[in-house]
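Got your viewer open and a cartoon view ready? Keep the selection tool handy, and let's take a walk.

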Amino acid sequence: MAPFLRMSIAGVDFSAITQQMIAQAENNPDNAVLWMNLATAMMSLRHEALGLQIQEQALAMQRVYYWPARQPATLRLLMLMVPGNLSANIPLDCLLEESDIDLIYYFVDPNAENPLTSPLPEHDLVMVAIGASDEQESVLLRLEYALRGWSKPVLNPPKNVPTSERHNASLLLQNVPGLLICPALHATRSGLQAVACGQETLPHIVENHDFPIIVRPVGSHGGHGLQKIDAADELESYLAQTAGDDFFVSRFVDYRGADGMFRKMRLVLIGGKPFACHMGVSAHWMIHYVNAGMYEDADKRAQEARFFNTFADFAGRHHAALAAISQRTGLEYIGIDCAETTDGELLIFEIDPAMVVHAMDDEAMFPNKQIHMHKVKTAMREMLFQRAGVSF
């Protein structure tokens, strides 16, 4: 994904490049790598259904792909992945694209009793690069059995990945001092429809919850279908325009600062140690970095720079909460989207190993970010080498 993300961040229209890739693939119909790259390009251009169809075609030809090191390789990381969209797996190439680590993408067969249907290439360690979701629970269970007694170290073991699924995480991280995460409770369309029509009250359908609430379809990612609902009439409108029969409902926490602005941070835990990745500043409660105005507003970028430069204080304030996330999930690598409440608690929106982490922003516009993202890249490299028992 790295080359396409880089072009997207830089504002490059790569649709013409995609057309050239289509021509190349049509002239080389048996070249699985061309088709896989085309699938990623299509999904990057938001043609997801077509991209998934092309990906299926590529995987019918081969299930192993290589992202070779940009330097002489000193480590071979086997990444176990599932077929799916751009949020299904950890996009580690976005973080390690210039490293001395060979990334080997092995797409498991999610329908096979043993998901490892193809011979595994030589490797120094394994990383389960699959993001947590309801859809992947079964394949992760079968993968845990397949990897039992594996001769090489396994990072993010399959049995631990489901701890980061939204509903599981919201229950797992309760009762941690200094940490606030709102339980993501299941609700059916029919139940919510009864509330919208006035036939039921919300607390009767979703225990101990009342407006305002956050609603999203089960299985959604990246904010798709996520909406704040303040009253029953808004819920009726939401259901009319949102597909799905099952939803997550959480209470809304107002995390605005004294200036009325919302600030959402993305962190990663690498071997249990926290690192800052970015901070988005917005007047709207639902913050996506790409549309928070960070590229247009120098003051917002200055605020983010201050967050980076004082991150040691932030990490110190929330040391116990962050340590609990690492310990309770049992994951060596995990992303965290969070904020600070007015009471000083660490408010967790989501934890997910498949969050996008990169160092691709323009250095002139974000002069401080590269310094801190270098720490992330270095920590990731060192953890991989340590776990593989290779000196670095």
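Predicted model: local features only at pLDDT ≥ 70, side-chain atom pairs only at ≥ 80, totals over all residues.

**Stop 1: helix α4**

Select residues 48-61, which make up helix α4. The helix has 14 residues, and from its first C-alpha to its last it reaches 20 Å, close to the 20 Å expected at 1.5 Å a residue.

Now colour its buried residues: Gly51, Ile54, Gln55, Ala58 and Leu59. They sit on the same side of α4, because the arc they cover around the axis is only 140°. The general rule behind such a pattern is that an α-helix has 3.6 residues a turn, so residues three or four places apart point the same way.

**Stop 2: what lies over α4**

Go back to the buried side and show α3 (32-44), β1 (64-67) and β3 (101-107). These three are among the elements that cover the buried residues of α4.

Keep α3 and α4 on screen and hide the rest. Their axes come within 8 Å and cross at roughly 165°. With angles over 145 degrees counted as roughly antiparallel, that is therefore the label for α3 and α4. As for handedness, α3 passes α4 in a left-handed crossing.

To see the contact itself, show side chains. On α3, pick Ala32, Trp35, Met36, Leu38, Ala39, Met42 and Met43. On α4, the partners are Glu48, Leu50, Gly51, Leu52, Ile54, Gln55, Gln57, Ala58, Leu59 and Met61.

**Stop 3: α8 and α10**

Next, select residues 189-196 for helix α8 and residues 232-241 for helix α10. The axes of this pair come within 8 Å and cross at roughly 140°. α8 and α10 are therefore oblique to each other, and their crossing is left-handed.

Contact here is made from the α8 side by Arg189, Leu192, Gln193, Val195 and Ala196. From the α10 side, look for Ala232, Leu235, Glu236 and Leu239.

**Stop 4: Gln136**

Is Gln136 buried or exposed? Its relative accessibility is 13%, so Gln136 counts as buried, the cut-off being under 20%.

Finish by showing what surrounds this residue. Leaving out residues up to four places away in sequence, Gln136 touches Val82, Ile130 and Gly131.

Terms used:
Residues numbered from 1 in each chain as written. Heavy atoms only, no water. Helix = DSSP H or I, 4+ residues; strand = E, 2+ residues; numbered from the N terminus. Expected span 1.5 Å × (residues − 1). Buried < 20%, exposed > 50% of the residue type's maximum accessible area, 1.4 Å probe, protein only. Arc of directions from axis to C-beta. Contact = heavy atoms within 4.5 Å. Axes fitted to C-alpha atoms, helices over the stretch in contact; angles between N-to-C directions. Parallel < 35°, antiparallel > 145°, perpendicular 65-115°, else oblique. Left-handed = near helix turned anticlockwise from the far one by under 90°.
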